[in-house]
Amino acid sequence: MAATPRFRNDASAAPGPEAASDRKHPVDETLPPLKMVTSGLQHVAAMYAGVVAPPMIVGPAVGLTPKETAFLMGASLFTAGIATLLQTLGFWRIGARLPFVNGVSFAGVTPMVAIGKDRGHDGIAVIFGAIIVASLLGFVLAPYFCKLVRFFPPVVTGTVITLIGVSLLPVAFNWSQGGNATADDYGSTTNITMAAVTLVIVLALRKLLRGFLQQIAILLGLVAGTLVAIPVGITDFGAIGDADVVGFPTPFHFGAPQFEIAAIVSMCIVMLVCMTESTADMLALGRIVDRPADERTIEGGLRADTLGSALSPLFNGFMCSAFAQNIGLVAMTKVRSRFVVAAGGGILILLGLFPVAASVIALVPLPVLGGAGIVLFGSVAASGIQTLATAALEKGENALIVAAAVGVGLIPIAAPDFYHAFPKDLLVVLDSGISTGCVVAIVLNLAFNHLGRAADPGPAEPAPEGEALDRAVVPAH
């Protein structure tokens with residue numbers, strides 16, 4: 001594949017208005033309706049479990065009934081759809097206008113449980129109040145936070161993208177075992193075999209199919225894996241019978257938001273973590289779709305993140321941020337249209353309004369989803385490795401940056417209890433390998449490649465690396 005990008009969104013790449021208008025960038029192309037819906041549904045299938053998992057944890061922890069927890073799950077789907085539309089379609093200077101999926105952030109689960117534990121509706125109201133304040137603060141900070149993009153050369157972005165993929169792989173492994181560590185069949189040969197079967201099916205479909213069918217190989221693999229799982233006995237149809245046909249997420253269903261200083265501080269920390277991860281995700285996605293994310297793109301994306309998060313509590317949803325697993329889906333399918341993901345956002349809204357439809361998506365057993373997830377998340381890590389190939393690792397400093405950042409970023413994965421003696425508020429950051437690895441990579445890049453360089457007449461200038469950031473195009477396939 002040629003290293004020179006075929007499409008650029010910066011003015012310098014276009015020789016004139018005529019050339020710029022010859023063909024739309026793939027990100028801005030619309031597909032036929034059937035392809036749009038099926039490809040959008042594939043994105044929903046890939047991120048569904050990640051959206052409903054946080055309310056499934058937070059609901060019981062604060063003392064909600066199963067029915068109220070199910071209401072939270074529907075509300076989370078609905079608000080994830082709104083946030084995704086803000087990102088993909090956008091308006092004014094809001095939205096990255098990339099195939100960027102937003103959903104409930106896992107980073108906030110631990111502090112939300114701590115804030116609302118056993119407080120019932122009051123606990124949820126305090127959580128919502130803290131999310132609103134933190135999100136509005138993030139919206140104000142977005143124009144300043146986005147300027148950090150110049151500190152993300154390939155040695156940093158490649159490291160962070162690799163960590164995103166590697167950090168997500170344990171999620172796929174957990175799904176492959178069954179998803180619930182307390183269940184009797186967790187890690188059973190049946191569950192792991194189903195994950196392996198799905199993985200083989202997805203790989204075979206990618207190899208054997210062509211054209212559009214190859215692009216939706218993940219969706220077809222999930223369907224095939226679910227069908228195989230029915231006679232095996234791990235497909236649960238009970239959710240369909242228990243689900244309501246229609247259920248609108250009534251605004252402030254659990255009462256008006258309440259504002260407590262400690263809760264607000266905790267969620268502000270979570271918001272900074274989410275903004276850091278979203279910045280890294282936008283840089284990764286920009287490279288994959290061949291539209292590098294500049295400061296304005298990141299500013300719009302962060303504004304969409306924070307605005308979506310501020311609106312979520314109105315409809316009983318939680319803080320929203322980027323879903324990295326869908327970046328892997330874009331990399332694998334090569335479908336770069338943001339309107340495909342917008343269609344997925346529309347589907348999420350419908351699932352939130354029609355719980356019975358959401359229950360159909362929930363039919364996919366977690367081991368089946370885990371098998372497909374190995375390919376999806378592995379694709380993200382592979383894209384990070386490709387980015388690192390442009391980072392001049394022959395320079396000892398750059399290799400050291402990658403070594404230290406990856407090492408620190410892997411701590412929460414390889415040793416989950418490593419920080420158990422630290423204050424709980426710090427765990428919001430330390431338990432995210434993506435955030436800690438990103439911070440280490442940025443700091444070391446500044447130390448080795450920026451500080452003192454202006455006075456250094458030697459050949460080891462940071463300029464080539466900066467130039468590599470502008471011209472590097474990392475193919476996702």
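## Terms and model

A residue is called buried if its relative accessible area is under 20%, exposed if over 50%, and partly exposed in between (1.4 Å probe, protein chains only). The structure is a predicted model, in which local features need pLDDT of at least 70 and side-chain atom pairs count only at pLDDT 80 or more, while totals for chains, interfaces and linings use all residues. Residues are numbered from 1 along each chain as its sequence is written, and side-chain values use heavy atoms, with hydrogens and water left out.

## Positive phi angles

Most residues other than glycine have a negative phi. R97 is not a glycine, yet its phi is positive, at about 55°. R97 lies in the loop between α3 (66-88) and β1 (102-104); helices (H or I, at least four residues) and strands (E, at least two) are DSSP runs, numbered from the N terminus. With a relative accessibility of 26%, R97 counts as partly exposed.

F252 is not a glycine either, and has a positive phi of about 50°. This residue is in the loop between α10 (238-242) and α11 (261-288). F252 is partly exposed, at 32% relative accessibility.

## Aromatic rings

There are five aromatic pairs in the structure. Rings of Phe, Tyr and Trp (its six-membered ring) pair if their centres lie within 6.5 Å; planes under 30 degrees apart count as stacked, over 60 as edge-to-face and the rest as tilted. One of the pairs is F128 with F318: the ring centres are 5.8 Å apart and the planes are at 50°, so this pair is tilted. It links distant parts of the chain, since F128 is in helix α5 (residues 120-145) and F318 is in the loop between α12 (295-311) and β2 (320-322), 190 residues apart. Both F128 and F318 are buried.

Y419 and F422 make an edge-to-face pair, with 5.5 Å from centre to centre and 85° between the planes. Y419 is buried, at 10% relative accessibility, whereas F422 is partly exposed, at 39%. Together with F418, Y419 and F422 form one aromatic cluster.

## A charge over a ring

The charged end of R303 sits over the ring of F139, 5.7 Å from the ring centre. This term requires NZ of Lys or CZ of Arg within 6 Å of the ring centre and within 35 degrees of the ring normal.

## Around V160

V160 belongs to helix α6 (residues 154-177). Its relative accessible area is 1%, so V160 is buried. Leaving aside neighbours within four places in sequence, V160 is in contact (heavy atoms within 4.5 Å) with A280, I434 and C438. V160 and V439 are 279 residues apart in sequence, but their C-alpha atoms are 9.5 Å apart in space.
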